[in-house]
Amino acid sequence: MPAPGRNRRDVAVLRVGHRPGRDPRLTTHVALTARAFGAGRLYLHPPDPELADRVASVVRKWGGRFEVVGAPAWTAVVQDFPGVVVHLTMYGEPLSRVLPRLRRARAVLVVVGGAKVPPGLFQAADLNVAVGSQPHSEVAALAVLLHGLGGQPPATRFRGAEQRIVPQTRGKRVVSPSRRHRR
Ligand code: SAM
């Protein structure tokens, strides 16, 4: 099923190797980065319903359509995905080389690992792609890839938001549009 994001292209993210109770903050950052940069869904392996609920409450507040779907088997998500499966790994080929192909794809599944990556992922993915050949973070790699895929800065507003930021040169300004004006 296509991911319900704002992108015309269906973009989904699969996070493997999540450790419920151990790294909720990092996986939440993966989810929020996926949403902010235009993905419509995060598949989470193994599932973590508490984390999914927390992300859902962020989505209610800041708008758009984004969901966290528990994935008991990551292999099924990869096999069933109707598009290009890109595994982000520092051992892969450079992003610049594959970006033209990704931009032509109708649906893209971006896979990021955690502390450990199942070796089978390297074979299961269509592409193994590096954002620089140095170790860093799944959040950084995901943001750079999604930014490159979108080809423009991420959206500043999402439909249906209960609140939105009015950008300031200094300080913070957050407004709550009335229900009628939530677009
Ligand atoms: N130890 C893991 C391994 O065996 O590859 C990597 C751990 S790293 C902290 C977690 C995830 O960050 C990786 O699975 C990958 O998705 C992403 N990552 C880190 N550096 C990257 C890079 N240079 N390019 C692409 N992805 C990267």
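Where does Pro46 lie? I looked there to start, and found Pro46 in the loop between strand 2 (41–44) and helix 2 (49–62). Helices (H or I, at least four residues) and strands (E, at least two) are DSSP runs, numbered from the N terminus. The peptide bond leading from His45 into Pro46 is cis, with omega near -5°.

**Ground rules**

I am working with a predicted model, in which local features need pLDDT of at least 70 and side-chain atom pairs count only at pLDDT 80 or more, while totals for chains, interfaces and linings use all residues. Residues are numbered from 1 along each chain as its sequence is written, and side-chain values use heavy atoms, with hydrogens and water left out.

Buried means under 20% relative accessible area, exposed over 50%, and partly exposed in between (1.4 Å probe, protein chains only). In a regular strand the side chains alternate between the two faces of the sheet. Here I find cover on both faces: Ala107, Leu109 and Val111 are buried on one side, and Val108, Val110 and Val112 on the other.

I then checked the pairing, where two strands pair if DSSP finds at least two bridges between them. Strand 1 (residues 10–15) runs parallel to strand 5 and is joined to it by six bridges, with Asp10 opposite Ala107. Strand 4 (residues 84–94) also pairs with strand 5 in the parallel sense, over four bridges; Val86 has Val110 as its bridge partner there.

**Helix 4**

Strand 4, helix 4 (residues 95–104) and strand 5 make a right-handed β-α-β unit. Right-handed means that, with the strands pointing away from the viewer, the path from the first strand over the helix to the second runs clockwise.

Why do the buried residues of helix 4 share a side? I listed Leu95, Val98, Leu99 and Leu102 as buried in helix 4. They are on the same side of helix 4 because they cover an arc of only 130° around the axis, taken from the directions from the helix axis to the C-beta atoms. Arg97 and Arg104 are exposed on the face turned away from that buried side. The cover over the buried residues includes strand 4, strand 5, strand 6 (127–130) and helix 6 (138–150).

**Cores**

I looked up the nonpolar cores, each a set of buried Ala, Val, Leu, Ile, Met, Phe, Trp, Tyr and Cys residues joined through side-chain atoms within 4.5 Å. The largest has 34 residues, and Phe66, Leu102 and Leu145 have the most contacts inside it. Helix 6 gives the most to this core, with six residues. Apart from it lies another core, of 15 residues, among them Ala71, Trp74, Phe81 and Ala107.

Not counting residues up to four places away in sequence, Leu102 touches Arg9, Val84, Val86, Val108, Leu127, Leu145 and Leu149.

Leaving aside neighbours within four places in sequence, I see Thr27 in contact with Arg15, His18, Leu44 and Leu51.

Glu67 lies in strand 3 (residues 67–70) and is partly exposed, at a relative accessible area of 32%. I noted a polar contact of 2.6 Å between the side chains of Glu67 and Arg41. The term covers a pair of N or O atoms within 3.5 Å; within protein, one must be able to donate a hydrogen and the other to accept it, and residues adjacent in sequence count only if both atoms are side-chain atoms.

Methods:
Contact = heavy atoms within 4.5 Å.
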